[in-house]
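Dear colleague,

I am passing on a structure for you to look through, and below it I have written down what was found. Please keep the structure open while you read.

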Amino acid sequence: MNEIVASPQRLVAQAREVLRIEAEAVARLAERVGEPFARACALILACPGRVVVSGMGKSGHVARKTAATLASTGTPAFFVHPAEASHGDLGMVTRDDVFIAMSNSGATEELLTIVPIVKRQGAKLVAITGNPDSALARLADVHLDAGVEREACPLNLAPTASTTAALALGDALAVALLDARGFGPMDFARSHPGGSLGRRLLTRVADVMRTGAALPQVPTGSRLVDAILEITRKRMGMTAVVGADGRMAGIFTDGDLRRLLEQGREVQGLTVDEVMTRSPRTIGSQALAAEAVRLMEEHRISQLLVVDDDRLVGAIGIHDLLAARVV
C-alpha cells in the first residue's frame, strides 16, 4: 500500500483544487448551452408520454437524480437501468416517450445496445455525452455536449468534473422545463406532500383548527367569570364571544384578564361584553395554515379566531400549528 500523505494543508489544497476545476467545468458548460438545448426542451414539452433517463455506472447515478428532479418539477420521468433494459425493462419505453441517454464517453456498450431499439420504437433520443463525435451522439435526435477539459481527480481518471457537468445540465433541463410549464410552488408542494414545504403550502386552517366541543366560546352577555372558566376548560388561552345568530362578537384572552387584575378591577360583577376585544384578528378556514403563522408572528399573538362570512367556525393556536408541523 502506498504511504498516506495527509497533512491538513495538503487536504485543504486538494479540496479547493477539485472545487475550482468542477466550478470551471460548469461555467464553461453554460457558455455552450444553445440551440440544441432549446430543441431538447421542445422535444420533452411536446412529448405525450414520459421522459426515460438511462445511464451506466456513475452516469447512471446522475441519470437517476436527473429523472427524480424532472419528476418533482412537473415533467413525468423515471430511470431505466440500461443493462436491465436489455433483459425486459425496455418494455417500459414507448413510442410516445423521450429517452435521455447519459454517457461521458458516448460509447457505453449497454446504452448502444438498446438505443437503436428505442429509436425503432419511435421514441425520441436525447444524448448527453462528453464527446460530440461519439456513436451515441450520432444516434441522437438531439445531442447535448457535457464535455469537460479534465477530471478533478489528480489522475484524470475518476468521473468527477464530468459527472458534475452532466448533473448540472440535467438540472438545467429540469428548471427550464419547470419555467416553460409555469410550474409554481403549489405544484411543487403536491409533488412533495411529505416535506416541510408541502405541509406549509398544502395545509389549510380548516385542517388543523379546533371546532365543536374543543372550540372555546361563550354567548354575548355571559358573566366574565363564565368566560374565564371556558378559557380554563378549553386551554387555548382565550374564548370567543358569539352572538345569538352565530356571528363572532369578540374575543377575551388570558392576557386581557391579567390586564384587568393589574388595574385592580373586580371581575365578579362584569360581563364579558364589557371587557372583550370587539375586532380581533381573524382568518378564514380556507386560508393556508402558513398564513395563520404569519399573522400570529406579525401581531405577536398566539391564537386566531376562524371566521367565514362573519360566523365563527373554529379557532387555531400556535400549538395546533406546531403539532401539524407547519411551524
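**Helix α2 and its surroundings**

In this predicted model, the axes of α2 and α7 come within 10 Å of each other and cross at roughly 55°. Because of that angle, α2 counts as oblique to α7, and the crossing of the two helices is right-handed. On the α2 side the contact is made by F37, A40, C41, I44 and L45, while α7 contributes L169, A172, L173, A176, L177, A180 and R181. Sorted by class, the contact of α2 with α7 holds 11 nonpolar residues, no polar ones and 1 charged residue.

Which residues of helix α2 are buried? In this helix, which runs over residues 35-45, they are F37, A40, C41 and I44. These residues cover an arc of only 100° around the axis, and therefore they lie on the same side of α2.

**The loop between β10 and β11**

Please look as well at D309, which lies in the loop between β10 (303-308) and β11 (311-317). D309 has a positive phi of about 55°, although it is not a glycine, and D309 is exposed, with a relative accessible area of 70%. D310 has its place in the loop between β10 and β11 too, and its phi is near 70°, a positive value in a residue other than glycine.

How values were computed:
Residues numbered from 1 in each chain as written. Predicted model: local features only at pLDDT ≥ 70, side-chain atom pairs only at ≥ 80, totals over all residues. Heavy atoms only, no water. Buried < 20%, exposed > 50% of the residue type's maximum accessible area, 1.4 Å probe, protein only. Helix = DSSP H or I, 4+ residues; strand = E, 2+ residues; numbered from the N terminus. Arc of directions from axis to C-beta. Axes fitted to C-alpha atoms, helices over the stretch in contact; angles between N-to-C directions. Parallel < 35°, antiparallel > 145°, perpendicular 65-115°, else oblique. Left-handed = near helix turned anticlockwise from the far one by under 90°. Contact = heavy atoms within 4.5 Å. Nonpolar A, V, L, I, M, F, W, Y, C, P; charged D, E, K, R; others polar.
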